[in-house]
Each structure stands twice: as structure tokens, then as C-alpha cells.
Amino acid sequence: MPEKLDIIIVGAGLGGLAAAVALCQDNHRVTVLEASQAMGEIGAGIQVTPNFTRILHRWGLGEALAKAGVLPEWVTQRRWENGKCLTRFALNANDRMEQEFGYQYYLIHRKDLHRILLEKAVELGAVVKTAISVQQRVILRDGASLAAHLIIAADGIKSVLNRFVTGADLKPQPTGDAAYRALLTREQMQDPELASLRLEQGPTVWLGPKSHVVGYYVDGGRLYNMVILVPQEEADEENWKLQGDVNKLRIFFKGWDTRLQKMIGMIGSSYIWNLYDREALDRWLHPLGNLVLLGDAAHPMLPYVAQGAASAIEDAASLAECLKSVPAVHSLRISLTVYESLRKPRAYSMRDAGRKNQVYFHLPDGPEQEKRDSELESGDESKKT
Ligand code: FAD
């Protein structure tokens with residue numbers, strides 16, 4: 001009979017909460033520590049791909065996902081200057097994802113996904129607390145101290161714990177891109193000029209030189225989430241709460257699809273954050289075998305394949321599976337080594353795919369871009385149905 005462990009998870013982001021759900025389901029005793037007092041998710045949309053959906057279903061969260069999420073039919077990719085449709089490929093149209101992968105593709109507001117995971121973790125017995133400092137020792141607001149068999153560092157891209165694991169201060173690297181993010185209301189989106197974009201069918205991506213824009217509905221179709229990727233102007237700390245200059249954005253997008261310009265013109269205020277990733281870490285597991293990395297703390301990546309949170313959720317599911325085979329605390333290290341060796345190649349392959357898409361999406365006007373566009377047009381699935 002596997003032993004039940006005392007586990008501390010540092011970070012109540014999507015990855016940390018997912019780990020809490022997975023581990024509580026196996027009756028481990030879990031405490032989640034969060035540095036931020038205003039617990040919750042900043043940012044707006046998350047694309048929940050079928051690998052992500054599958055795990056949420058396994059944890060009994062399929063219904064909650066279906067209730068809060070939007071089911072897109074198609075992804076459409078458009079040319080930057082005139083919005084010409086380059087390609088459309090099926091997501092849930094013709095049951096594509098269900099038939100190919102067994103699960104559907106959802107779009108969800110981050111705060112909804114965060115709430116769903118938090119509620120489930122608490123329902124299963126996880127204790128969630130705010131900590132004022134987690135470095136060499138955990139200091140809680142109420143002054144208590146904690147001991148555990150295992151600490152999971154799910155403290156995000158600016159992880160302080162990964163330096164204890166790696167023994168080095170490996171800061172994330174700027175990718176050269178920054179993301180503006182904004183929400184438009186359903187009322188704003190009623191503008192007749194936008195009707196020809198058929199945005200309710202699913203995510204729309206405008207591809208242009210050095211930049212691309214992704215938009216899709218969240219919150220039961222009440223809000224339109226826009227993520228606008230532009231070259232990063234200056235190296236700045238990764239910060240999710242910087243206000244972006246919307247006027248700069250309007251100037252940058254002059255000459256793009258007039259419908260997109262109209263949407264950008266409607267944005268009242270926008271957050272901007274610089275995008276970072278990192279070279280592969282040699283290890284995710286502390287030599288003592290009691291501290292392990294999960295989510296962005298282990299593998300920050302560009303969001304260009306929509307797999308950052310999906311990878312964190314896969315980490316959580318995989319870690320819980322590996323711990324199922326821990327017959328006793330002293331064999332914990334073996335299970336964690338298996339987790340690390342299973343997850344590293346997959347997570348870093350997603351990071352590499354994001355880097356490839358950065359080049360592919362942002363090709364300058366010219367022969368390479370023309371080649372890409374004609375490849376996209378010849379793959380247009382909507383013309384085949
Ligand atoms: P985080 O969400 O960063 O959570 C870390 C938590 O740890 C935070 O709550 C933080 O406050 C806390 N913390 C930090 N330090 C401490 C400490 N010392 N003590 C206690 N707590 C601490 N992924 C997808 O799968 N699909 C998408 O469509 C998608 N879209 C994206 C779009 C954009 C523009 C971006 C930037 C990312 C996108 N991602 C997407 C990626 C996804 O957002 C991240 O990969 C995911 O949120 C990482 O979760 P995490 O829990 O590892 O880290």
C-alpha cells in the first residue's frame with residue numbers, strides 16, 4: 001500500500017492547484033502556499049486543448065469545464081494587411097477533436113479555470129494559505145512553520161525555488177516579444193463591420209511581419225479576449241500588471257486589416273507583459289530528492305502553441321501517477337526521477353514548438369511568407385467539407 005505523503009505546493013497558479021487536485025485525489029495531505037494575497041488569475045483567455053481536457057475529465061471536472069467554457073468550431077488564420085482567410089481548420093467542427101483525440105477543445109476565462117481547480121482542491125481537502133516568504137524556509141502569515149516529505153515548486157516563471165534545485169540563478173530569457181491583452185464586450189463586438197470575420201466560430205489569428213494577433217470569445221461568449229503580440233521594446237522585468245500604451249498599439253497596427261484596426265481602436269486599456277522562456281534546466285529535482293519543479297517554474301515557454309498551462313496540468317497528472325508507486329517515503333526520489341525523465345522531453349518539445357511558431361508566424365513580407373501562406377491556403381479544411 002503506497003504511503004501517504006505530506007506535501008507542500010508553493011504557488012497557487014494553474015499548475016500548483018492542478019497538482020493539489022491530483023495529489024489530494026490520492027489522499028496525500030496537501031498544503032498550497034501562495035505569495036499573492038489577492039489569489040486568482042490575471043490575464044483573460046486559456047485555450048484548453050484535448051490533452052488538457054482529458055486530464056480535467058479524469059479529475060471529475062469535465063462538467064465544470066463544459067459549463068464555463070466555450071466550444072469553438074474552427075480556427076481561422078488571416079493575412080495581416082487585408083484579413084484574407086488563409087486557412088481554417090476544424091476544432092470541434094465535425095467532432096474533429098473528439099474523434100481524433102477523444103476530447104473536445106475549449107476556450108475558457110482564466111479566472112474560471114482557476115476557480116474550478118481551487119474549489120476542487122479545497123473540496124478534496126487541500127489547505128490553501130498565503131505565505132509571506134518562501135526561500136530557505138517557509139514563513140506563514142500566522143507565524144507557523146511547516147514540514148513535509150515533498151515540496152513542489154509551482155512558483156511560476158520567476159521561481160525563487162528553482163535556484164535551490166539547479167544550484168544556479170538561471171533567469172528566464174527575453175524572447176523578443178511582448179503581449180498586450182485586452183477584453184472587448186459583446187456589445188462592442190456587435191459592430192456590423194466585424195460580422196464578415198465570423199468570430200463566434202472560434203479563434204482567429206492575424207499573421208503579419210514581426211507580429212500576430214489572436215482573438216476568441218470567453219465567459220460564455222460575453223467577452224472577446226484579444227492577445228496582441230508585438231516586438232518587445234525594452235528588456236523589462238516579467239510583470240503581468242504593466243499597463244500597455246494603447247496608442248502605440250494603434251500606430252503599430254496601421255495598415256493591417258481595417259476590421260482588426262477597428263477592434264484595437266475599441267480597446268480602452270490593456271495590460272502588456274514581456275514574454276520570456278528559458279533554456280532547458282539540467283534537473284527539476286533537488287539532489288536531496290524532496291523538492292521538485294512543476295509548470296512554468298520548470299519550463300516557461302512562448303504561448304504560441306497554447307501549451308504552457310496544458311504542460312503544467314500534464315506535470316501535475318504525471319507527478320501524481322509517479323507517486324502512486326511510492327511504496328514508502330524512502331523511495332520517493334525514484335518516483336520523482338521517473339516524473340522528471342517523463343516530463344522534461346515533452347515539456348521542452350512544447351517550448352521548442354513555440355519558438356518555431358514565433359519564426360513561422362512573424363515572417364516578413366517576401367518569398368518565405370508567400371510560401372507559408374500558399375501552404376496554409378492549400379491546407380484549408382473548410383474548403384474540403
Ligand atoms: P503561474 O501561473 O505563474 O503561477 C505561479 C504562482 O506562484 C502565482 O500565483 C504566484 O503568485 C505564486 N508564487 C510565486 N512565487 C511565490 C512564492 N515565493 N511563494 C508562494 N507563491 C509564489 N497556456 C495554455 O495551456 N493555453 C493557453 O491558451 C495559454 N495562453 C497563454 C497566453 C499568454 C499571452 C501567456 C503569457 C501564457 C499563456 N499560456 C497558455 C501559458 C500559461 O498561462 C502558463 O504556462 C501557466 O499559467 C503557468 O502556470 P504556473 O502555475 O506554472 O505558473
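The largest nonpolar core holds 107 residues, and Ala-19, Ala-20, Ile-152, Ala-153 and Leu-294 have the most contacts inside it. A nonpolar core here is a set of buried Ala, Val, Leu, Ile, Met, Phe, Trp, Tyr and Cys residues joined through C-beta atoms within 7 Å. Buried residues have 20 or more other C-beta atoms within 10 Å of their own, exposed residues have 12 or fewer, and partly exposed residues fall in between, with C-beta atoms placed from the backbone. The model is a predicted one: local features need pLDDT of at least 70, side-chain atom pairs count only at pLDDT 80 or more, and totals for chains, interfaces and linings use all residues. Residue numbers start from 1 along each chain as its sequence is written.

Leaving aside residues up to four places away in sequence, Leu-294 touches Gly-15, Ala-19, Ile-152, Ala-153, Ala-154, Ala-312, Asp-315, Ala-316 and Leu-319. Such a contact requires the C-beta atoms of two residues, placed from the backbone, to lie within 7 Å. Across the chain, 75% of the contacts between residues at least 6 apart in sequence join residues at least 24 apart.

Arg-343 can be located from Leu-294. The two residues are 49 apart along the chain, and their C-alpha atoms are separated by 9.4 Å. Arg-343 belongs to helix H10 (residues 332–361). Helices (H or I, at least four residues) and strands (E, at least two) are DSSP runs, numbered from the N terminus.

The chain as a whole comes to 11 helices and 16 strands. Of its 385 residues, 45% count as buried. The C-alpha atoms fill a box of roughly 60 × 45 × 40 Å along the principal axes. The radius of gyration is 21 Å, which agrees with the value near 21 Å for a compact globule of 385 residues. That radius is taken over C-alpha atoms, and the globule rule is 2.2 Å times the number of residues to the power 0.38.

Next comes the ligand. It is surrounded by 31 residues, the closest being Gly-11, Gly-13, Gly-156, Gly-295 and Gly-308. A residue is near a molecule if its C-beta atom, placed from the backbone, lies within 6 Å of it. Helix H1 (14–25), strand E2 (29–34), strand E3 (45–48), strand E7 (127–134) and helix H9 (308–324) each supply at least two residues of this shell. H9 gives the most, with 4 residues. By type, the shell divides into 18 nonpolar, 10 polar and 3 charged residues. In this division Ala, Val, Leu, Ile, Met, Phe, Trp, Tyr, Cys and Pro are nonpolar, Asp, Glu, Lys and Arg are charged, and the others, Gly among them, are polar.

Several strands pair, which requires that DSSP finds at least two bridges between them. E10 (residues 173–185) pairs in the antiparallel sense with E15 (residues 270–277) over 6 bridges, and Ala-179 stands opposite Trp-273 in E15. E10 also pairs with E13 in the antiparallel sense, over 9 bridges. In that pairing Leu-184 stands opposite Tyr-224 in E13.

The loop between strand E12 (211–218) and strand E13 (223–231) contains Asp-219. Asp-219 has a positive phi of about 55 degrees although it is not a glycine. Asp-219 is buried, with 21 other C-beta atoms within 10 Å.

Strand E4 (residues 74–79) and strand E5 (residues 85–90) run antiparallel and are joined by 5 bridges. Gln-77 has Thr-87 in E5 as its bridge partner. The hairpin of E4 and E5 has 5 residues between the strands, and Gly-83 in this hairpin takes a positive phi near 70 degrees.

The loop between helix H3 (62–68) and E4 holds Leu-71, which touches Asn-92, Gln-104 and Tyr-106, not counting residues up to four places away in sequence. Leu-71 counts as partly exposed because it has 14 C-beta neighbours inside 10 Å. The C-alpha atoms of Leu-71 and Ala-312 are separated by 22 Å, with the two residues 241 apart along the chain. In the loop between E5 and helix H4 (96–101) lies Asn-94, with a positive phi of about 55 degrees although it is not a glycine. Asn-94 has 13 C-beta neighbours inside 10 Å and therefore counts as partly exposed.
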